[in-house]
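Visitor: I have this one open and want to go through it with you. Can we start with the pockets and move on from there?

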Amino acid sequence: MELGSIMQFLNNKSILVIGATGFSCKDFVEKILRVQPEVKKLYLLLRAVDTKSAEERLHNEDQIWNEVDTVINFAATTNFDERYDVALGINTMGALHLLNFVKKCNHAKVLVHLSTAYVCGEDGGLIKEKPFRLGTAKKSTKVTDIGMEKKLVEEKLKNLRSEHAEESAITSYMKDYGSKRARMHGWPNTYVFTKAMGEMLLVHHSRDTVPLVILRPTMVTSTYQEPFPGWIEGVRTIDGVAVGYAKGKLKEFPFNPKLTVDVIPADMVINALIMAMVEYANRSTTPSEIIYHVGSSLRNPFKFSSFQELGNRYFVQNPLIDKDGKPIKVGKITTFSSMASFRIYMAIRYSLALKVFHLAINTVLFQKSYKDKYIALERKLKRGMRLAELYEPYVFFKGIFDDANSEKLQIAASKTCSEANAFNFDPTSINWETYMMDAHFPGLVKHVLK
C-alpha cells in the first residue's frame, strides 16, 4: 500500500462533490483549496430549485462526464426522524442515482461515499469494517427489500393525498412510518436505516464497475486543528445535549457514564477521506469496495462521564448569558442508567404535576395562570422525552468500532507519503480535555450559540 504525494495526486484533478452545502463538504473544499490550489476543477453540486432547473442541468453534463476523475458524495439528510419518503429519496435512492451517473464518467477513478458508523444499528461488541449485502436486515427473520420499501412509501403517499390530507399530517405520518419500518428491520431510526440501504445499493451495483470507498465516521464534532480549532455548523449528535445543558434547559438525561461516547473531530474525518481517496485511486489492483471506520472508541476512548464533567466545568466557568443579561447557572445533570428508570422519574416529576394543573384548570376560577403553567410544563416534558428517545440508541450504545483499515491507512501514509503530517486523522493524538475545553465547547458557543 503506497500513497505517494497527495499534492501531486490533487494537481490538475477534476473533482465532483455532491451535497456541497453541508458542513463536512465545506471542510473538504476548504482543505483542498488550501493545500492544493492547482486542483483543476471542483464541481460543487447543489440541489436544484425546481424540476426545470434540474432537467437543464442533467442535459448539460457532457463536460463533467468527460472531465471528472473523482466523485465525493456528502449528500444526506441526517435528521433521525426525517420523513421516510425524503430520507429514502436522498439517503438510499440518491446514492444509487449518483452511482449510475458515475458509471457514465469516462475517467472516474473512485467514488467516495460518506456514510455513518451507526449503520450498524444497535450492535454491540467489536464492530468490523464490513459492507452490507443487498437484503441485509438486523432482525434474522426479516429481509430488507428496498424495492418494496419504495413501493410502500409511494402507496402511502398516494392514499394520503387521495384523502386530501394536509401536508403537516402527511409529514407527521411519514416520520412515524419511517421509524416503524426502521425498527421492524432492526435499526433504531429512519436516518441510519436509509443510510444502510444506500450502502447496500452502492456495494451491490458498483461491483466490477467503479472503485468504491465508504467512509463511516462516528459522531462528528468540531474541528481539532484546521482550518482553526472549534469550527462547527449546527447542532450535531451529542452536542444537542451540551447545548440544552448550557442553556439551563437540560437538568436530567438518560445515559450511562461508564460507556464510551465515540466522537471524532470533523477535520480528521476529511483528512481520512482524502487519504482514502488517494490510496484507493492509486491502487494497481482494486477490490470492489472498502470500508473505513473513522472514530475513537477503540484506540482513544472518551467516556460519557468525562464529557459530562468537562461540560459542567466549562459552562460553570464560562456561562451563557440569558435574555436579561444574566449568566445562566448550570449544575450537575441527574443521570439514569436505563430508559426505564428515566421514564419512571419523568412520570413522577412531570406527569403527576400535569394532572394536578389539569385538575386546577377545570376547577379553579383563575384558570389562565394554571393553563399557562400546564402548557409550559407539558412542552418541557415533551422536549425532554423526545430528546431522550432520539438519543437512546447512542447514549446506551455498547459497541466499539474496529478501525483496522483506517489504522493500516495511517501506517502506510506515515511510511509512503511525505505530507502525512498535514492529513492527521489518528485518534490517539487527541487530548480530550484540551480539545473539549479549548476548542470544542468554545466553538459551540461561538458558532452555534452566538
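Guide: Start with helix α13, which gives the most to the lining of the second largest pocket, with five residues. Bear in mind that this is a predicted model.

Visitor: Which helices each supply at least two residues of that lining?
Guide: They are α7 (167–185) and α13 (367–395).

Visitor: How many residues line the second largest pocket, and which lie nearest its centre?
Guide: The lining has 15 residues, and Ser179, Arg183, Pro188, Glu389 and Leu390 lie nearest the centre of the second largest pocket.

Visitor: What is the volume of the second largest pocket, and what is its lining by class?
Guide: The volume is about 450 Å³. The lining of the second largest pocket has eight charged, five nonpolar and two polar residues.

Visitor: At what angle do α9 and α11 pack?
Guide: The angle is about 35°, with the axes 11 Å apart. The crossing of α9 and α11 is right-handed. On the α9 side the contact is made by Ala242, Tyr245 and Ala246, and on the α11 side by Phe307, Gly311, Asn312 and Phe315. By class, that contact has five nonpolar, two polar and no charged residues.

Visitor: What about α2 and α10, at what angle do they cross?
Guide: The axes of α2 (residues 23–35) and α10 (residues 266–282) cross at roughly 65° and come within 10 Å. The crossing of α2 and α10 is right-handed.

Visitor: Which residues make the contact?
Guide: Helix α2 puts in Phe23, Ser24, Asp27, Phe28, Lys31 and Ile32, while helix α10 puts in Ala266, Asp267, Ile270, Asn271, Leu273 and Ile274. The contact of α2 with α10 has seven nonpolar, two polar and three charged residues by class.

Visitor: Switching to rings. How many aromatic pairs?
Guide: The count comes to 26 aromatic pairs. One of them is Tyr84 with Tyr177, ring centres 6.0 Å apart.

Visitor: Why is that pair edge-to-face?
Guide: The planes of Tyr84 and Tyr177 are at 65°, so the pair counts as edge-to-face, the cut-off being over 60 degrees. The pair links distant parts of the chain, with Tyr84 in helix α5 (residues 84–102) and Tyr177 in helix α7, 93 residues apart.

Visitor: Last topic, the backbone. Where is there a cis peptide bond?
Guide: The cis bond joins Glu226 and Pro227, with omega about -5°. Pro227 sits in the loop between β7 (219–221) and α9. Most peptide bonds are trans.

Visitor: Which residues other than glycine have a positive phi?
Guide: Among them is Asn12, with phi about 65°, in the loop between α1 (6–10) and β1 (14–18). His164 has a positive phi near 60° and lies in the loop between α6 (146–162) and α7.

Definitions and conventions:
Residues numbered from 1 in each chain as written. Predicted model: local features only at pLDDT ≥ 70, side-chain atom pairs only at ≥ 80, totals over all residues. Heavy atoms only, no water. Axes fitted to C-alpha atoms, helices over the stretch in contact; angles between N-to-C directions. Helix = DSSP H or I, 4+ residues; strand = E, 2+ residues; numbered from the N terminus. Left-handed = near helix turned anticlockwise from the far one by under 90°. Contact = heavy atoms within 4.5 Å. Nonpolar A, V, L, I, M, F, W, Y, C, P; charged D, E, K, R; others polar. 1 Å grid on protein atoms, 1.4 Å probe; cavity = no way out; pocket = protein on both sides within 12 Å on 5 of 7 lines; lining within 4 Å. Points joined across faces, edges and corners; volume = space filled by probe spheres on them. Phe/Tyr/Trp six-rings, centres within 6.5 Å; stacked < 30°, edge-to-face > 60°.
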